[in-house]
Each structure stands twice: as structure tokens, then as C-alpha cells.
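This report describes selected contacts in one protein chain. Please look at the structure below and keep it at hand while reading.

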Amino acid sequence: MSPIPKPLFFFFFLNYVSLSTSLSLHLPLTSLPISSTTNSHRFTTSLLSRKAPSPSSPPYNFRSRFKYSMALIISLPIGTPPQAQQMVLDTGSQLSWIQCHRKKLPPKPKTSFDPSLSSSFSTLPCSHPLCKPRIPDFTLPTSCDSNRLCHYSYFYADGTFAEGNLVKEKITFSNTEITPPLILGCATESSDDRGILGMNRGRLSFVSQAKISKFSYCIPPKSNRPGFTPTGSFYLGDNPNSKGFKYVSLLTFPESQRMPNLDPLAYTVPMIGIRFGLKKLNISGSVFRPDAGGSGQTMVDSGSEFTHLVDAAYDKVREEIVTRVGRRLKKGYVYGGTADMCFDGNVAMIPRLIGDLVFQFTRGVEILVPKERVLVNVGGGIHCVGIGRSSMLGAASNIIGNVHQQNLWVEFDVTNRRVGFARADCSRIL
């Protein structure tokens, strides 16, 4: 099944809270599409090793296979005793939520969380501050349900949704690595079988509530080989591979600097240009930074598949693609409503004609997408350049999607407000 672009999460406007380290662990990722039409997809998680905690190594190790098509699915042990929950790791989202057991109805999915089995589970009453009107943590006001519990409804731009109660629950990594009770959504109605692990810089994100100082992941390239399943890695805390990381400082914005098109809680990076091979496109650096209204910020988003560019940048990229391979473009075809640089039939020559794609940042930092991975197989014999037009999503931002984070270590150093990159063979990392 062809993946579809990730729905844009509504943006939240809260102060960033500086954090300190409390957890260091290494988990696997599973990658699957975010789609209400993918209920037939399932993944299995195998526990390969569980080491005793020590100061010099991660205290808890999971490995899981993942079918990389779009979203990074991580299995987290939630509750006491822990119940494994599938969650989309999303650096563009704040609220974490899990699929919860529906009372008097069959559970959906079968792996949904059963609150009655956890001794650390609690609900948020209507009197909780988050249930007050005009609290800007949610796009829609929370409300009291018939049981006087805090109810939330969380909607995405493509019409998908999750709703249920706000709750508190622990993540129990091991006997010695347990988070404090975290505020989560306990969804009893949703359009997807998986939850969300919100990893942005908002005060309700998993990163902020669990006081994570840094985290990193390595996404392997998608493979079309039958029977082959790549694996990826995710770290909370220090990454033993970080020696070769190159960092750029995040652009941060005070609460008083609210702008209508700005997401101040995103991981906003200082991009300065785009290159094809050695040719730098004629795009002003200001296109990649927020203007007076907040349009143009460039964010790193693990929850988006394709990269999306504002019109001024997208038009220049498309102009260059047309110059190089224009007569081979599939006319009238737009993938996911945003990407119209697509091809069908024999595409063997096209990557060589396009060349390497390079996203340029300050301090000489680059994300290099080799020509062999410039095209993305979207199914049906069609391949697309992995870039869409932001305005077709109703967004005014540049978004570096996970398709252009493949074979990279990407580290979010929250404490030092920076993002690091390093090339890697992510399918070979143990």
C-alpha cells in the first residue's frame, strides 16, 4: 500500500522549559504508515537483550524489525506492570497519547492499553488546570465528560483524530528506570491503531515531562527487496556514536514573539540553501527562516514522510528538475496532493540526471541525499522526488521529512538547543 503524507499537527504556543538528564536508554524503531486504512499492518517486537543498569551503558535495550514506509513506530512499556504500546515517534507533535481499552466494547486494537491492569494509572479530573478553558496546550478546548473527567479531542489537518481522557501514567523501562507519572491522552476513539509519542519542545511533550536532555535516531533506507526488513535505532540520552556528529544551533523564539505562522515548539534549524550536485539553486536564504509573520521556518520532523518547501523554494527546485528531466515528468500527477515531480515506467536514468540533493545549513553542515535515493517509490510503478509543496498542506513552513533523514544519525540535543547530523549505514547499526 502506498504511504500517504503525514497529517500536519496543529501548532501549540507555550514556553520551552530547559531540561536535565534523567534517562538514558536504547530502543528500536518500527516504521509504518500513519493511516486509518492500514489496519492490516502489524508488527512484532522481539526482546533480544535486557541488561542490568550500569553507569556506562544504556540500562534497557529493545530491538524490533520495522517496515520503513513512512512513520517511525516505537514500542514503549507503559504502566505498572508495563504493557507494550505502539506509538509514532513524532518530533513535530507535543501531546503523547495511547490507544486505550474501550469499556463494554471489544478493544481496538487488540494491543490497546488496559488501564484496569495498571496500578500507576490515574485520570485527570475536570478541576485540573489543563481542563480549564483557554489553556493553549490544545487546539480545541478540553471539556468535562459525564464522569467529571477531563476529555480531549485532538484533530489533524487531514481529518484524522483521537479523543478520550487525559490521564497520568508511568513508562516502566526497567525496575530502576521508571518515569514519573506523565500526562498522556488515553484515546478510546481514533482513526489510527497507533498512538503518538510527542517529542517536540512543548511542556507536555514526552521530552519535557520525562526531562530528556537529548535523543537520537537512525532511519535506514526503505527497501523494495521482497522479504527484507531493515532495522533502525533510537536513543534517549547519550549516543555512543555521537563523536562524529556535526551540530547546528536551533532557532528559538520567546513566548512573547508569537507569530501566526510560527511553531515555536518545533526543532527549527538554520537552513541556508539547496544544491543539486555542485549547483546551488538561486534561492535566498531568507526563504528558509521565519519572516515577520512566522512563515518560512525550517523544522526537522520525524513524523512527516516527504520534505515540504514553501513556494519560493519549491518553484526553484521544480524548475531545476524540469531543466534536467522535464520531458520525463508524469503529467497531471500529484502524489499526496503536494508532490508533482513524479515519474512512471523505467526510471533508471533519472537519478543520474538529477544528481545528489543537498540541504545546506550554517556552519558547513549538510544533509546529502545521494542520487540513488532522490526518487521515492510511492507504488503503482510511480517514483517521485521526495519533496512536496507546503502550501498544498496549508502550511507556511519548510519541513525536513524522514525520507531525507535516512542513513543519518539525527540527534536532538535539547539541553544545548542544537541538532546534530552524521552519515551512517542505519540498516547495519546494532
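A salt bridge is a side-chain nitrogen of Lys or Arg within 4 Å of a carboxyl oxygen of Asp or Glu. The model discussed here is predicted.

## Salt bridges

Side chains of opposite charge can pair when their charged atoms come close. Across the whole structure, a search finds nine salt bridges.

| Salt bridge | Closest N to O distance |
|---|---|
| Arg-389 and Asp-311 | 3.3 Å |
| Glu-320 and Arg-324 | 2.7 Å |

Which residues are linked in a network of salt bridges? They are Lys-279, Glu-320 and Arg-324.

Glu-320 and Arg-324, in contrast, both belong to helix 2 and are four residues apart, about one turn of the helix.

Glu-320 has a relative accessible area of 7%, so Glu-320 is buried. Lys-279 is partly exposed because its relative accessible area is 42%. Arg-324, with 25%, is partly exposed as well.

Arg-389 forms a salt bridge with Asp-311. Arg-389 lies in strand 25 (residues 387-389) and Asp-311 lies in helix 2, so this pair ties together parts that are 78 residues apart in sequence. Is Arg-389 buried or exposed? Its relative accessibility is 17%, so Arg-389 counts as buried; the cut-off for buried is under 20%. Asp-311 has a relative accessible area of 33% and is therefore partly exposed.

## Aromatic rings

A pair of aromatic rings is described by the distance of the centres and the angle of the planes. How many aromatic pairs does a search of the whole structure find? The search finds eleven. One of them joins Phe-113 and Phe-121, with 6.2 Å from centre to centre and 35 degrees between the planes, and this pair is tilted. Phe-113 counts as buried because its relative accessibility is 0%. Phe-121 is at 21%, so Phe-121 counts as partly exposed.

Why is the pair of Phe-215 and Phe-412 stacked? The ring centres are 4.8 Å apart and the planes are at 15 degrees, so the pair is stacked; planes under 30 degrees apart count as stacked. Phe-215 is in strand 13 (residues 214-218) and Phe-412 is in strand 27 (residues 408-413), so the pair ties together parts that are 197 residues apart in sequence. Phe-215 is buried, with a relative accessible area of 0%, and Phe-412 is buried, with 1%. One aromatic cluster is formed by Phe-215, Tyr-217, Phe-234, Tyr-267 and Phe-412.

A charged residue is also placed over a ring: Arg-418 lies over the face of Tyr-247, at 3.6 Å from the ring centre.

Strand 24 pairs with strand 20 (residues 342-344), and the two run antiparallel with three bridges between them. Asp-344 stands opposite Ile-382 of strand 24. Strand 24 also pairs with strand 23 (residues 375-379) in the antiparallel sense, over four bridges. Which residue of strand 24 is the bridge partner of Leu-375? The partner is Val-385.

Strand 23 and strand 24 form a hairpin with two residues between the strands. Gly-380 in this hairpin takes a positive phi near 65 degrees.

## A buried serine in a loop

Ser-304 lies in the loop between strand 18 (298-300) and strand 19 (307-309). Its relative accessibility is 4%, so Ser-304 counts as buried. The side chain of Ser-304 makes a polar contact with the side chain of Asp-301, at 2.8 Å.

Terms used. Residues numbered from 1 in each chain as written. Predicted model: local features only at pLDDT ≥ 70, side-chain atom pairs only at ≥ 80, totals over all residues. Heavy atoms only, no water. Buried < 20%, exposed > 50% of the residue type's maximum accessible area, 1.4 Å probe, protein only. Polar contact = N/O pair within 3.5 Å; in protein donor to acceptor, adjacent residues only side chain to side chain. Phe/Tyr/Trp six-rings, centres within 6.5 Å; stacked < 30°, edge-to-face > 60°. Lys NZ or Arg CZ within 6 Å of the ring centre and 35° of its normal. Pairing = 2+ DSSP bridges.
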